[in-house]
Amino acid sequence: MLRGALRGVVLGVPRVFAAQWAGSRGYSTTTTKTPVPMRFVTATSLFDGHDASINIMRRLLQECGAEVVHLAHNRSVDEVIHAALQEDVQGVAISSYQGGHIEYFQYLVDLLRKHGR
């Protein structure tokens with residue numbers, strides 16, 4: 001299942017979480033037999049075109065049953081934060097091969113906390 005989301009693409013996957021596992025972590029399993037999957041935003045940091053590792057992480061998350069909003073490469077912190085808030089995700093996965101990643105990640109965490117995440 002493919003559907004557009006922001007500048008990236010939401011890649012839906014089969015909901016394969018075990019009900020017991022999901023229920024023990026607070027996920028709803030009431031309306032359907034399958035629990036609501038976790039959602040992640042994945043991206044490669046600004047000025048970085050190396051996206052091989054984030055593509056591997058995206059596929060691993062999907063194979064575990066997560067829904068992934070993949071923003072691809074060369075994304076600013078503001079774009080990642082906007083997507084994370086808009087899509088109401090539970091996690092953010094970022095890949096960075098270039099320098100400045102510590103500042104990038106710290107700014108990302110600071111903005112998420114500012115927005116109550």
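1. Alanine 72 is partly exposed, with a relative accessible area of 24%, where buried means under 20% relative accessible area, exposed over 50%, and partly exposed in between (1.4 Å probe, protein chains only). Alanine 72 sits in the loop between β4 and α3 (77-87), and its phi is near 70°, a positive value in a residue other than glycine. Helices (H or I, at least four residues) and strands (E, at least two) are DSSP runs, numbered from the N terminus.

2. A word on the basis of these remarks. This is a predicted model, in which local features need pLDDT of at least 70 and side-chain atom pairs count only at pLDDT 80 or more, while totals for chains, interfaces and linings use all residues. Residues are numbered from 1 along each chain as its sequence is written, and side-chain values use heavy atoms, with hydrogens and water left out.

3. The loop between β4 and α3 also holds asparagine 74, which has a phi near 65°, again a positive value in a residue other than glycine. With a relative accessibility of 35%, asparagine 74 is counted as partly exposed.

4. Aspartate 48, by contrast, is buried, at 2% relative accessibility, and its place is in the loop between β3 (39-44) and α2 (52-63). Leaving aside neighbours within four places in sequence, aspartate 48 is in contact (heavy atoms within 4.5 Å) with His73, Asn74, Ser95, Ser96, Tyr97 and Gln98. The C-alpha atoms of aspartate 48 and arginine 75 are 8.1 Å apart, although 27 residues separate the two along the chain.

5. Strand β5 (residues 91-95) is largely enclosed by the rest of the structure, because four of its five residues are buried. Strands β3 and β5 run parallel and are joined by five bridges, where two strands pair if DSSP finds at least two bridges between them. Alanine 43 stands opposite isoleucine 94 in β5.

6. Helices α3 and α4 pack at an angle of about 35°, with their axes 10 Å apart; axes are lines fitted to C-alpha atoms, for helices over the stretch in contact, and angles run from 0 to 180 degrees between N-to-C directions. The contact is made by Val77, Asp78, Val80, Ile81 and Ala84 of α3 and by Tyr104, Tyr107, Leu108, Leu111 and Leu112 of α4. Not counting residues up to four places away in sequence, isoleucine 81 touches Leu108, Leu111, Leu112 and His115.
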